[in-house]
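Trainee: I would like to learn how to read a protein model. Could you take me through one, feature by feature?

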Amino acid sequence: MTAPGGLVSAVGLGLVGPGAPSPVEAGRRSPVELRKLAVRAARELADAPALEIARWAGDTFGDRFCVTSSMADAVVAHLVSRVVPGVEVVFLDTGLHFPETLRVRDEVARTLPVTVRSIRPRLTVGQQDGEYGPRLFNRSPDECCRLRKVEPLERALASYDAWATGLRRDESPTRANTPVVGYDERRRKVKVNPIAAWTQAEVDAYVARHRVPVNELFRQGYGSIGCWPCTRRTKAGEDPRAGRWAMFEKTECGLHV
């Protein structure tokens, strides 16, 4: 894949003065260009099939496009690999994952035409315990997520202009308005959500048709899977994400807010 774009500087965009971003390196689009691309794509691809959305992202961003996956399943990694073979799949290895999750990661790396990148936090769990006190996830889950997920994602995405996620509108009320393509103002990158409009039934059908790797924990009553200290089984009728941070007023780890 060949990355498109040319050299664009902050001066050329009129973005100068204190706090202005540094010049954009060769081969990269500026934040202004990326925002415009995202707005246009959100409109033109709003009703497009997921495969077409993934193809657009690969064609538009080349090597500066990746997939992020929690390895609850490999649906998006599989989907994108069909039109962007060799795409890099970023997995945040928090050190607190269920063994079942790591098995999905390893199966994806072994069986799909992708390159899996496991990104670890700067601190091991033991080092974090020493610096912040043991079981930070019980006392300050937002801080734990920041250290073990949000900051590692920032580092992982540094070399990309766009990334694909598995966000779906039917997962929770907080995700009901997820666009198929958006612009992340904080990270200044294009965020592609090719299966945003899919239902759980459509996900299940895709998994069955293509024999996509799926986390075994779903068969054990988990509706959404994250780190083991902050994930419980869901009860009948509960929102799929009700088992995440169940003892706190928290619904997102911070990656998608």
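Trainee: At roughly what angle do the axes of H2 and helix H3 cross?

Mentor: Let us begin with what you are looking at. This is a predicted model, in which local features need pLDDT of at least 70, side-chain atom pairs count only at pLDDT 80 or more, and totals for chains, interfaces and linings use all residues. Residues are numbered from 1 along each chain as its sequence is written, and side-chain values use heavy atoms, with hydrogens and water left out. Helices (H or I, at least four residues) and strands (E, at least two) are DSSP runs, numbered from the N terminus. An axis is a line fitted to C-alpha atoms, for helices over the stretch in contact, and angles run from 0 to 180 degrees between N-to-C directions. Now your case: H2 and H3 (residues 75-83) have axes that cross at roughly 65° and come within 9 Å.

Trainee: Is that crossing left-handed or right-handed?

Mentor: A crossing is left-handed if the near helix is turned anticlockwise from the far one by less than a right angle, and right-handed if clockwise. H2 and H3 cross in the right-handed sense.

Trainee: Which residues make the contact between H2 and H3?

Mentor: Contact means heavy atoms within 4.5 Å. On the H2 side you find Ala-50, Leu-51, Ala-54 and Arg-55, and on the H3 side Leu-79, Val-80, Arg-82 and Val-83. To sort such residues, Ala, Val, Leu, Ile, Met, Phe, Trp, Tyr, Cys and Pro count as nonpolar, Asp, Glu, Lys and Arg as charged, and the others, Gly among them, as polar. In the contact of H2 with H3 this gives 6 nonpolar, no polar and 2 charged residues.

Trainee: How do helix H1 and helix H2 lie relative to each other?

Mentor: Angles under 35 degrees count as roughly parallel, over 145 as roughly antiparallel, 65 to 115 as roughly perpendicular and the rest as oblique. The axes of H1 (residues 31-44) and H2 (residues 50-61) cross at roughly 155° and come within 13 Å, so the two helices are roughly antiparallel. Their crossing is right-handed. Leu-34, Leu-37 and Ala-41 of H1 touch Trp-56, Thr-60 and Phe-61 of H2. That contact divides into 5 nonpolar residues, 1 polar and no charged.

Trainee: At about what angle do helix H5 and helix H7 pack?

Mentor: H5 (residues 125-132) and H7 (residues 141-156) pack at about 135°, their axes 12 Å apart. H5 is therefore oblique to H7. The crossing of these two is right-handed. Here Val-125, Gln-128 and Tyr-132 from H5 meet Glu-143, Cys-144, Arg-146, Leu-147 and Arg-148 from H7. The contact holds 4 nonpolar, 1 polar and 3 charged residues.

Trainee: How many aromatic pairs are there in the whole structure?

Mentor: A pair of aromatic rings is described by the distance of the centres and the angle of the planes. Rings of Phe, Tyr and Trp (its six-membered ring) pair if their centres lie within 6.5 Å; planes under 30 degrees apart count as stacked, over 60 as edge-to-face and the rest as tilted. The search finds 4 aromatic pairs. One of them joins Phe-98 and Tyr-222, which are edge-to-face, with 5.6 Å centre to centre and 65° between the planes. This pair links distant parts of the chain, 124 residues apart: Phe-98 is in the loop between strand S2 (88-92) and helix H4 (99-111), and Tyr-222 in the segment after helix H8 (200-210).

Trainee: Is Phe-98 buried or exposed?

Mentor: Buried means under 20% relative accessible area, exposed over 50%, partly exposed in between (1.4 Å probe, protein chains only). Phe-98 is buried, at 11%, and Tyr-222 is buried at 11% too. Across the 257 residues of the protein chain, 48% count as buried.

Trainee: Where is Arg-135 found?

Mentor: Arg-135 sits in the loop between H5 and helix H6 (136-139). Its phi is positive, about 55°, although Arg-135 is not a glycine. With a relative accessible area of 43%, Arg-135 is partly exposed.

Trainee: How many helices and strands does the protein chain have?

Mentor: The protein chain has 8 helices and 6 strands.
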